[in-house]
Amino acid sequence: MKAGKLTARGLAYVLRAVGRKIVKHHRAKQTPHGRQTVGQLMGHGVATNSIEVEAPKLFDRVARKWNVDYAFYKVAPDKHLLFFKAGQADAITACFSDYSKRLLKRTKSAKAPIREQLKEAAAALARQPSHKKERTKEAAHEDR
């Protein structure tokens, strides 16, 4: 290729590279939405609040429906802090009520472990009367 002249192939390459750079710059300027890290959420520059949550996966499903920005911070093995924007408090309240309904429904429908089910079945079987027929021999009559 001579200096100053671009072929069609070279021009297409340059245009694609410029397009990729524009898209990359555009994505960097957008603020993330939905679930994100605590650092990203704090980077929005707005006030945040937090609530303690037990089941983050269940909350994820509910929060997608309400389009809220939130982040989890793990405090203990089964405890997470949920950070959210203070301006979205109304949406979080509605989202949290839906989450708590689902959490209560899930705990009610949780089955007992199999060993407990077996113990209960054995106890119920022991309480029932036996269905076996008792067979006894009748005394033989001498007059026959």
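Start with phenylalanine 96. Its relative accessibility is 23%, so it counts as partly exposed. Keep in mind that this is a predicted model.

Now its ring partners. Phenylalanine 96 pairs with tyrosine 99, and that aromatic pair is tilted. The centres are 5.4 Å apart, with 50° between the planes. Both residues sit in helix α4, three residues apart, which is about one turn of the helix. Is tyrosine 99 buried or exposed? Tyrosine 99 is at 3% relative accessibility, so it counts as buried.

Next, phenylalanine 59. At 0% relative accessibility, phenylalanine 59 is buried too.

The whole structure holds six aromatic pairs. In one of them, the ring centres of phenylalanine 59 and phenylalanine 96 lie 6.3 Å apart. Their planes meet at 55°, so this pair is tilted. It joins distant parts of the chain: phenylalanine 59 belongs to helix α3, phenylalanine 96 to helix α4, and 37 residues separate them.

Step back to the cluster. Which residues do ring pairs link into it? Phe59, Tyr70, Phe72, Phe96 and Tyr99.

Now the helices themselves. Helix α3 covers residues 56-66, and helix α4 covers residues 89-108. They pack at about 145°, with axes 9 Å apart. The crossing of α3 past α4 is right-handed. On the α3 side, the contact residues include Leu58, Phe59, Val62 and Trp66. On the α4 side, they include Ile92, Phe96, Tyr99 and Leu103. So what is the make-up of the α3 contact with α4, nonpolar, polar or charged? Eleven of its residues are nonpolar, five are charged, and none is polar.

Note on methods:
Residues are numbered from 1 along each chain as its sequence is written. This is a predicted model: local features need pLDDT of at least 70, side-chain atom pairs count only at pLDDT 80 or more; totals for chains, interfaces and linings use all residues. Side-chain values use heavy atoms; hydrogens and water are left out. Axes are lines fitted to C-alpha atoms, for helices over the stretch in contact, and angles run from 0 to 180 degrees between N-to-C directions. Helices (H or I, at least four residues) and strands (E, at least two) are DSSP runs, numbered from the N terminus. A crossing is left-handed if the near helix is turned anticlockwise from the far one by less than a right angle, and right-handed if clockwise. Contact means heavy atoms within 4.5 Å. Ala, Val, Leu, Ile, Met, Phe, Trp, Tyr, Cys and Pro count as nonpolar, Asp, Glu, Lys and Arg as charged, and the others, Gly among them, as polar. Rings of Phe, Tyr and Trp (its six-membered ring) pair if their centres lie within 6.5 Å; planes under 30 degrees apart count as stacked, over 60 as edge-to-face and the rest as tilted. Buried means under 20% relative accessible area, exposed over 50%, partly exposed in between (1.4 Å probe, protein chains only).
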